[in-house]
Amino acid sequence: MENDLQRIREEAQQRLNALTEEGDLNALQQQLFGKAGELTAILRSMGKLSKEERSELGAGVNKLKQELEAAMESRRAQFRQKAQELRFEREALDVTEEGVTPQMLGHLHPMTKTYRTIRDALVGMGFQVFDGPEIELDDNNFTLLNLPLDHPARDMQDTFYINDKVLLRTHTSPCEIRALQTFKPPFRFLMPGRVFRVDEVDASHSPVFMQIEGFVVDRNLNLANLKGTLDAFIRALFGENVKTRLRPSYFPFTEPSAELDMSCTICKGKGCRVCKGTGWIEILGCGMTNPHELENCGLDPKEWSAFAFGIGVDRVTSLKYGISDIRHEYENDARFLTQF
Amino acid sequence: MRLPKTWLQEYVDFNVTDEEFIQRMMWRGFELESCEKELKAVSGVITGKILSMQKHPNADKLTVCQVDIGGKIAQILTNAKNVFVGAVVPVAYAGAKIGSQEFTVANIRGVESQGMFCSGEEFNLSEQEYPGAEADGILILRADTPVGIPIEKAIDREDVIFDFSVLPNRPDCNSIIGLAREAAAALGQKMKAPVIARVPGEGDVKDIMQVTVENGDLCPRYCGRAATNLKIGPSPAWMQRRLKQMGMRPISNIVDITNYVLMEYGHPTHAFDAACIREGHIIVRNAKEGEVVTTLDKKERVMDENMLLISDPQGGVGVAGVMGGLNSEITENTQTVFFESAVFKASNIRRTARKLRHVTDAAARFIKGVEPVNAELALERCIELVQELGAGSIIGGAIDVCHADLKDREIDVDVNHVNRILNTRLSAKEMAKLLSTIEVPAQDEGENLHVTIPHFRTDIESGIEADADIAEEVGRIYGFENIPAVLMEGETFRGSLAPKFRAEDLVKDTLVACGCLEMYNYNFTGPNALNALGFDAKDERNRAVKLLNPFGEDQSLMRTTLYMGMLDSAVRNIRRKTGYGRFMEVGNVHFDLGGDALPREEEKIGLVFFGEKESFYTLKGAIQTLLSRFGVAGARYVKSDSPCFQPGRRADILVNGQKLGELGQVHPAVQEAWDLPVAVYMAELSFEALLALWNETPTFQPLPKFPVVNRDLAIVVPENSESIHWIELIEQAPVDVIVEKARLFDVYRGPAVGPFKKSLAITFNLRSEDHTLTEEEIRTAFETIIRTLNENGAPLRQ
């Protein structure tokens, strides 16, 4: 019997080595361990043996069975490994081929991107968004903003009129009047929208452009707050390294009035074509809201203070993306739009 | 406003560099527009002495000169007859420039010329400014002029002219004296203010001229003085030079005086030939409708009754504030001059100048604002200059018809309020000191600052704006740069976006995900574009708002739909072959409501698709994606009759029976009007309607507990039937199970289904709320659906 086991072991080992594919393993398994298998036959023949012989043989068979099963498992692993290698080889790709885009992705207009950047910066500083109509009352656009009919500064903003009382707003400042008439202070609003001026189209002028007005009304606002707010805002927009300066200017609806310059983002202040060699770029107009405007809207200027600023989205877009001709922004050429 | 440096130096010591001066003026609110050399058109021209002259071998009229230009001999050819050996002349040696002309070495008939000699005209010089400047030929410089020096130095034209932009609230700075006042403060000096010597004269002007002001509202002050025994001639060199520096042309001493004073004091004056004022009586009155005045420029000006006229008893002698009349012009024969220095109401002059389309230097000054005290100063300065120039004898007395208040205003300013506005801690004394530098006297009264507003500061108010106005002045001199940047304090504010703005982002982001490029089109359109869209007469989109002053007919209306702009941009992209055909725009349109009412503004979402890859269905797909993103279910696409679309290829988008928008293929007529070479599909949706439908926070729906069974079928239906009809039949079939998510996934047309027929392949789901469907239930339901379809004329495709 011992000899039989030894023979089976050797034969099985030989056959195992001779197998060429994984499927043949099952046949060999049947031949060894199946109902008519060789080891099964040996076990079945054990009835004739003594108890001691039986147990000795049984142990021998079990040992052989485990041994062979392990050998077959390892052979199976070999087959699988080999098969997988072949498959990998077969399925190998040219990784340098072009990727497949599921669908053409569109693009937001660069002005929308700028608008959102500005908006996010201000929302982060506690501002809420509010807006007003593009076609406005002369009262809201001029008179209540301290620009009565004969005010010379009306000439600063050439206006498209609909009739004596209605016009295309020349700035987003009439939103200040609407905010003052609608909400109780204190508040902080950012007011985006299109504005219109009688300006012939050229590389730096457009009769239609987009502005964002910032407007804060509270009890103890001062010029230092305006400066601090704008400095933080411009750095949020153009980066921490940008410097700002506030210099005196004039707007009828602010007193004191100022203009904010920022260090030129192109030449970093050294002087270039964009900043006309000065190292500074004029970026927005601002000021402490004129007491007349507050009084016109029913607020006591001794009790309430306010400041406002207006920034051109087109201009910031041009600066941010280095667009030299504003006309691109309204021509909607796909080769332009897909760059952003 | 131009400011020649030497003129400024009459009032202040210029003790810093030009750059530093420019910087300091900027901090005070005076931005530099330009800074140029006095002879900005000339560069590289130097002086040279003619050493020898020879006839040109091949040209009779030319002379070959050897010229010492300082350490170098240049050979210059000239045809001038006034040059001579030993003459010092200006040489435009090769490389020099005058205006757009650049001088180079030239070969003239075989002889080289290394440049040219220049005449006085090339340096804009008159005979008074440099003797010989108007000679026929070359400018012969003074014999002691060194050779090889720049011509600017040789003729003393080395000034620098600053040009500062003057803000509208500071009309006083549209004058040399006004700017000098600010410059002195910027340079930390006290201005050497000019003192006008009032010249008494002989006799009385009232004997030769009487002035009546009929409309004191439009003419608050009218001052006049006169001079006689005039010697009309050119003005002196210094005055001519100044006028040229300011960009003006010298004419004659009397006219030049008024222009000089206009620059110096910023107040327009006018010189009449007194003999031409009939009956010696000037009447300032409203013109009669249609009254005609011929102005100095020889043009006939037709007046209206709102315009102010300077007249004599027989008719107009000038348009007030705009231009004098030709009939009373100063000529070389004028014996007696009457100077007018008046104040006219800005708004009236603006209206007149605009209506006459003639905004003169004088009118521009009146429009920006002048003041009555300065009017008198300017007049006395004219008289003083007549005396100084020896241009005539002064007549005594003065005419002054004054309706204006000439007293300086006094205000009390709350020092604490000023400090609150500026975030400063200045005392009244410190504020007074700052204000004194710009000649605004103020007295320290503790918490009160008593300010006397000088006549020239018309911008400082005495009402509620006073504190802010003084704060601006104090801040300006203290320096905005010295005020710290401090973040706002106080209660916390929560920044946020209202749903409208969140929805706008979602629309744009969704359509971008659908492959769209975002457009920004102008709001302007014209009647041709609007008519081309062919809307029905009663369509609201025909009620466009009209502009009173448009650029032109085709931009005279405000858009009532986004279509026009989108089509314009589509054409542009097609012509330029940009290869892209999916665009969207979100923007406002306006509808006229009549009368003075504000128009109705509505925000729209527009889409325009074109090119080979696009179809009605790609457009619809983008819209469906958008609606799905907004959680809008149950939109119906119903055949429409919108005239801008091709019949049979257009639909309205309805949600709950309300129109949300429309889509379609552009009608051939529209396609032709825009000259579109390809089919274009476009849509417009109401943003407000979509916003109202937005389900921003959907409620969770439990997931089905029992398995879903999916079934497909293909039916044959008439070609002109709508798939939605069959889908609804399936979903509403009389079965005991839930039928849902029925969807068309294929359409087949061809011989297998026969003519005028199409085959629709539809997929749908079956399920139950409370158990797993049995095979029997599924079979029964499927058969019922098939039977229902069959009974309605849609047999299964064999």
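At 11% relative accessibility, B:Arg767 is buried (under 20% relative accessible area, with exposed meaning over 50% and partly exposed in between; 1.4 Å probe, protein chains only). The model is predicted: local features need pLDDT of at least 70, side-chain atom pairs count only at pLDDT 80 or more, and totals for chains, interfaces and linings use all residues. Residues are numbered from 1 along each chain as its sequence is written, chains are lettered from A and ligands numbered from 1 in the order in which they are written, and side-chain values use heavy atoms, with hydrogens and water left out.

B:Arg767 pairs with B:Glu740 in a salt bridge, defined as a side-chain nitrogen of Lys or Arg within 4 Å of a carboxyl oxygen of Asp or Glu. The closest N and O atoms of the two residues are 2.7 Å apart. This pair links distant parts of chain B. B:Glu740 lies in strand E39 (residues 738-748) and B:Arg767 in strand E40 (residues 757-767), 27 residues apart. Helices (H or I, at least four residues) and strands (E, at least two) are DSSP runs, numbered from the N terminus. B:Glu740 is also buried, with a relative accessible area of 19%.

Elsewhere in chain B, salt bridges with shared partners form one network. Its members are B:Arg170, B:Asp172, B:Arg181, B:Glu182, B:Glu439, B:Arg457, B:Asp459, B:Glu473 and B:Arg476. Over all chains, the structure holds 79 salt bridges.

Chain A supplies another example. A:Arg247 and A:Glu259 meet through their side chains in a salt bridge, at 3.6 Å from N to O. Here too, distant parts of the chain are linked: A:Arg247 sits in strand E6 (residues 244-251), A:Glu259 in strand E7 (residues 254-263), twelve residues apart. A:Arg247 is buried at 3% relative accessible area. A:Glu259 is buried as well, at 11%.

A helical pair occurs in chain B. B:Glu20 and B:Arg24 form a salt bridge, with 2.7 Å between the closest N and O atoms. Both residues lie in helix H2 (residues 18-27); being four residues apart, they are separated by about one helical turn. B:Glu20 is partly exposed, with a relative accessible area of 33%. B:Arg24 is partly exposed too, at 28%.

Contacts were also examined around B:Val373. This residue lies in helix H9 (residues 372-389) of chain B. Leaving aside residues up to four places away in sequence, B:Val373 touches B:Arg221, B:Leu406 and B:His455; contact means heavy atoms within 4.5 Å. The C-alpha atoms of B:Val373 and B:Val343 are separated by 9.5 Å, the two residues being 30 apart along the chain.
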